[in-house]
Structure formats: structure tokens, C-alpha cells
Amino acid sequence: MFGSPVDFSFRELNTVSDMLSDEPNPGARPLKRDSEQKILSSTLRLNNNFLSDLTGLMDTLSALYAEPTRLAWLDLSFNEFQHIHPVLTQLKELRLLYLHGNRVCKLSEVDKLAALPFLHTITLHGNPIVTERDYRAHLISTLPHVKMIDFSAVTKQERELTSVWQRRRNPLKTMSHSKVD
């Protein structure tokens, strides 16, 4: 489904545009390319660099990938991100997002990812955010299609408890919804 991963991990990239001047790490299988030599893949590994910002990501993806908006798997783990960059919301096909080992501090940062309709796997362990009260409940309520958080499956019981948690947290919203029903 994802094709050969495009791997720029361990490259000491400081900006996303640094990828344009470098070839990806060679993988077990060679990368497939189209007639314009653009990469035919839906995966990208940018882990273990010094990235703190994703400015220029879409321009870089457009220069490298045949179908940049079809990116489905993105590994941004072990970088320097303190915020979830809004450019990620443009990747509407994104299914797996690895953000573990960064510096994300606020639960509200995750809210940006609600715009990704197919996101089913996310990692954030190793970020200060995981010490926030109701961390998993917030992720489950914000990302309704999520099936895995930090390599741990979201259970039916967790979904039910999160539903109760949401109703307690927003009693007025729950009451207004019941009046409409």
C-alpha cells in the first residue's frame, strides 16, 4: 500500500527544504520514479533530524513526489517540534503519523489533526504532552478514527469512557445536542 519508504532519517536536516539537495537513504528496494523522476511513494521518514518547523513541506513534497498530497505515512519522530504545524492538515490521505520523541507540550496542538479524516495511528509518547491529564481521552475524542495511540490499540471500553468524559466536560454541549435529537 505504501510503497518503498522515502527515508531522510539521520540526515541532520535543519529545514525541510534541505531534502531537495540530498538523495534519500538507500532502502532494501529501489525507489520507483515516474517519467519526470519524481518519487512514487506514499511514505516519508524525516525522523532523527533537528527539524523544528515544517515550513516549505508542501513545496518540497511537490518537487520530490509525483503525488505529494497522497502521502499516507509520515515519520517525524525524534526531532525538535514544539507545535504541530498546520501544513499537516493539507495531507488529507495521512493515515499514520509518528511524532514521538519531540517537544509538544499542549493538548490543543492535537486539535489541528482533527482535519485528517483517515488518520488512524498516531504516536506522541516521549513528548511533554503525555503527562497532561486525560491525554488519551483527549486524543480519542479529537481524532474519532484513531485506532492506535502510542503503539497501543484504542479499545471499545476506552471509547465508551471517553464518551462519558466528554459529556462531563461539556454538559451544555451535550444538552443542546439532545434537544436537537
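This is a predicted model: local features need pLDDT of at least 70, side-chain atom pairs count only at pLDDT 80 or more; totals for chains, interfaces and linings use all residues.
As for the layout, four helices and seven strands make up the list of elements, and they come in the order β-β-α-β-β-β-α-β-β-α-α along the sequence. The C-alpha trace spans about 55 × 30 × 25 Å along its principal axes. If we look at contacts with a separation of 6 or more, 64% of them link residues 24 or more positions apart. Of the 181 residues in the chain, 41% are buried.

Now for the inside. The largest nonpolar core has 42 residues, and the ones that touch the most other members are Leu44, Leu74, Leu76, Leu88, Leu91, Leu97 and Leu113. Helix H1 (57-64) and H2 are the elements that give two or more residues to this core, with H1 supplying the largest share, four residues. Leu88 makes a handy example: leaving aside residues up to four places away in sequence, Leu88 touches Leu54, Leu57, Leu74, Leu76, Leu97, Leu113 and Leu116.

Helix H2 (residues 135-142) is mostly covered, with six of its eight residues buried. Those six are Tyr135, Ala137, His138, Leu139, Ile140 and Thr142. Their cover includes strand E5 (121-123), strand E6 (148-149) and helix H3 (156-169).

Technical notes
Residues are numbered from 1 along each chain as its sequence is written. Side-chain values use heavy atoms; hydrogens and water are left out. Buried means under 20% relative accessible area, exposed over 50%, partly exposed in between (1.4 Å probe, protein chains only). Contact means heavy atoms within 4.5 Å. A nonpolar core is a set of buried Ala, Val, Leu, Ile, Met, Phe, Trp, Tyr and Cys residues joined through side-chain atoms within 4.5 Å.
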